[in-house]
Amino acid sequence: MSITVQDVQHVAKLARLNLTPEEEEMFTGQLNAILQYAEKLNELDTDGVEPTTHVLHLSNVMREDEVRESLPIEKVLLNAPDEEDDQFKVPAVLE
């Protein structure tokens, strides 16, 4: 797989980037170098290696729900741009 100048132009258009022809050539070369480096991974013998989603083992660290004291409503609303009836007031999203 390789990247063409047309691929770079297409992505630049999607990202609304105005690239010079020199930049297009530079990025084409850089992206192809990245892909060539990634292709080296195909040389590895991965037989017997379990597919994983993360390099390290991850597990959820959960705690029991417990009732505890929270901030007083006056303190919570101190920095609110607007409030009404002890609640944050936000602009309507739907009409």
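A salt bridge is a side-chain nitrogen of Lys or Arg within 4 Å of a carboxyl oxygen of Asp or Glu. The model examined here is predicted. In it, the side chains of K89 and E84 form such a pair, with an N to O distance of 3.1 Å. That distance lies within the 4 Å cut-off. A search of the whole structure returns one salt bridge. Both partners have intermediate accessibility. K89 has a relative accessibility of 40% and so counts as partly exposed. E84, at 43%, is likewise partly exposed. The class follows because partly exposed covers the range between the buried limit of 20% and the exposed limit of 50%.

Helix 1 spans residues 5–14, and helix 2 spans residues 21–39. Their axes come within 9 Å. The crossing angle is roughly 105°. Helix 1 is therefore roughly perpendicular to helix 2. Helix 1 contributes V5, V8 and Q9 to the contact. Helix 2 contributes E24, E25, F27, T28 and L31. By residue class, the contact holds four nonpolar, two polar and two charged residues.

Burial along helix 1 is one-sided. V5, V8 and A12 are its buried residues. They span an arc of only 60° around the axis, so they sit on the same side of helix 1. The other side of the helix carries the exposed residues Q6, V11, K13 and L14. Helix 2 is among the elements that cover the buried residues of helix 1. Just after helix 1, the backbone at R16 adopts a positive phi of about 55°.

Helix 2 also includes N32. Its relative accessible area is 16%, so N32 is buried. The assignment holds because buried means under 20% relative accessible area. When residues up to four places away in sequence are set aside, N32 touches S2 and I3.

The salt bridge joins K89 and E84.

How values were computed
Residues are numbered from 1 along each chain as its sequence is written. This is a predicted model: local features need pLDDT of at least 70, side-chain atom pairs count only at pLDDT 80 or more; totals for chains, interfaces and linings use all residues. Side-chain values use heavy atoms; hydrogens and water are left out. Buried means under 20% relative accessible area, exposed over 50%, partly exposed in between (1.4 Å probe, protein chains only). Axes are lines fitted to C-alpha atoms, for helices over the stretch in contact, and angles run from 0 to 180 degrees between N-to-C directions. Helices (H or I, at least four residues) and strands (E, at least two) are DSSP runs, numbered from the N terminus. Angles under 35 degrees count as roughly parallel, over 145 as roughly antiparallel, 65 to 115 as roughly perpendicular and the rest as oblique. Contact means heavy atoms within 4.5 Å. Ala, Val, Leu, Ile, Met, Phe, Trp, Tyr, Cys and Pro count as nonpolar, Asp, Glu, Lys and Arg as charged, and the others, Gly among them, as polar. The arc is that of the directions from the helix axis to the C-beta atoms.
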